[in-house]
Amino acid sequence: MSDTSEEIGERIALLLPRLRRFARSLSRNQHDADDLVQTAVERAWRHLDQLRPGANLASWMFGIMKNAWLDNLRTRRRRGEVALPEDSGDHPAVSPIDTEAGLWAVSEAMNKLPEEQRLAVALVLVEGMSYKEAAGVLEIPMGTLTSRLARGRAALAAELAEEARGDIA
Amino acid sequence: MKFDDETLMAYADGELDAAQRAQIEAAIAQDPGLALRVQEHKALRARMTGAFSRVLDQPIPERLEAAARVGTRADAPARGNVIKFPARVTRAPSPPWGAREWIAMAASLLFGVLLSWRLLVPGNSGLFEAGKGGLLARGELARALESQLASQQSGEERVLIGLTFKTHDGNYCRSFVLRAAHTAGLACRVDSEWQIPATESSPGPEAGMQQASAALPPSILRIIEARMEGAALDAEGEENARLDTWNSSP
């Protein structure tokens, strides 16, 4: 490994805003999102030996977060805490920032997507990754990414349109 | 040519190569429905990016800053490095609405006010005049609508003509983009005048996009879709309509 752990620590710290945004797009509120970031960062430190020299730290961290998120959902589902992602029990915390930026509506719509589509949408539309980079993080072929993204987008657009109609009614 | 939704999506995301892009842009120029679908893809992307971008400006919780550097404390190889470390810890997260953002918002608001003022005050910009039934094209805009062919534009013209089509009541309409004013609009020829039923601020044609229709805002595209009878005119149809001086025949 070429970098010292100070350098790695600094680079992870610089990624925190993006990691929080990615986590927020997968979670229902910022608190859950920050728990996910913490889990991912701790995992990254434990498995630092798996980071290949010259590999993209951001892609690697996003991949770890993806796995942590999926593990988390599976565990909660096994325990019977959630039947489906959208039934995550307590009402989501709505912070002023959520409502201000129209974040809440978008976040709720994201929450209704199947996991695989949510990941594709989060990486491409929220994080702005190229299809190639997103497919790399998710460890899936480009064609799979494209079809998940297309389906996720269509469902999201329908959900947001539905919700806009609900607001007017 | 038919394009499936995945291809349009990839186009909206900037994932296609130059040859594929050119094909789609040519198709968009003829088909406002296609243009609208691309716009919807772009709009959803912008909404998603915009909604979550606020997270980037929030202060980072202490516990995450600590977690990011936990390994630094656990197996720091050189103490000397650790000492200078805290200085770099203090990231300055940008405040949600600093002076810069307020100034930017005020500026864009002022720009919008100036823009509509320039559009609406008769004779001020020389491109519009308030007529009985609404705005009428004047000056360079009227000349472009009357004589400019979309098929022969270099992309450098101050007024870019986009789609030309016939409406349900048999009149000709043409979409246009005023490049300098970042304004897109629709003009329809009624009683020898180019009436302007709609204008909208527009980001302007994107780099590498010669087709003015690609830059039309969704609101304009929807009006076009509602009014258009059949398909948009191709280069030949456009030229014939001009030869007939836009006099519609049933």
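Colleague: Happy to look at this predicted model with you! Over which residues of chain A does pLDDT stay under 50?

Modeller: Good place to begin. The model does have eleven contacts beyond four places in sequence for this stretch. Where pLDDT is low, though, the predicted coordinates should not be read in detail. The stretch where pLDDT stays under 50 is residues 83-92 of chain A.

Colleague: And which element of chain A has the highest mean pLDDT?

Modeller: Chain A as a whole has a mean pLDDT of 86, and 84% of its residues reach 70 or more. Among its elements, the lowest mean, 52, belongs to helix H4 (residues 96-100) of chain A. The highest, 97, belongs to helix H6 (residues 115-126) of chain A.

Colleague: Let's take one residue there: is A:Leu70 buried, partly exposed or exposed?

Modeller: A:Leu70 sits in helix H3 (residues 57-78) of chain A. Its C-alpha is 10.0 Å from that of A:Leu119, a residue 49 positions away in sequence. A residue needs 20 or more other C-beta atoms within 10 Å to be buried, and 12 or fewer to be exposed. A:Leu70 has 14, so A:Leu70 is partly exposed.

Colleague: Nice. Which helix supplies the largest share of the side of chain B that touches chain A?

Modeller: The contact involves 36 residues of chain B and 39 residues of chain A. On the chain B side, at least two residues each come from helix H1 (5-12), helix H3 (32-57), helix H4 (62-68), helix H5 (70-74) and helix H6 (79-89) of chain B. That side divides into 18 nonpolar, five polar and 13 charged residues. The largest share, eleven residues, comes from H3(B).

Colleague: Turning to the sheet of chain B, which are its edge strands?

Modeller: Chain B has ten helices and seven strands. Seven strands form an open, antiparallel sheet in the order S1-S2-S6-S5-S4-S3-S7 (chain B). An edge strand pairs on one side only, and that describes strand S1 (128-131) and strand S7 (228-229) of chain B.

Colleague: Could we follow S2(B) across to S6(B): what is the bridge partner of B:Leu135?

Modeller: On one side, S2(B) pairs with S1(B) over four bridges in the antiparallel sense, and B:Glu129 has B:Leu136 as its bridge partner in S2(B). Two bridges join S2(B) to S6(B), again antiparallel. In S6(B), the partner of B:Leu135 is B:Ile196.

Key
Residues numbered from 1 in each chain as written. Chains lettered and ligands numbered in written order. Predicted model: local features only at pLDDT ≥ 70, side-chain atom pairs only at ≥ 80, totals over all residues. Contact = placed C-beta atoms within 7 Å. Nonpolar A, V, L, I, M, F, W, Y, C, P; charged D, E, K, R; others polar. Pairing = 2+ DSSP bridges. pLDDT = per-residue confidence, 0-100.
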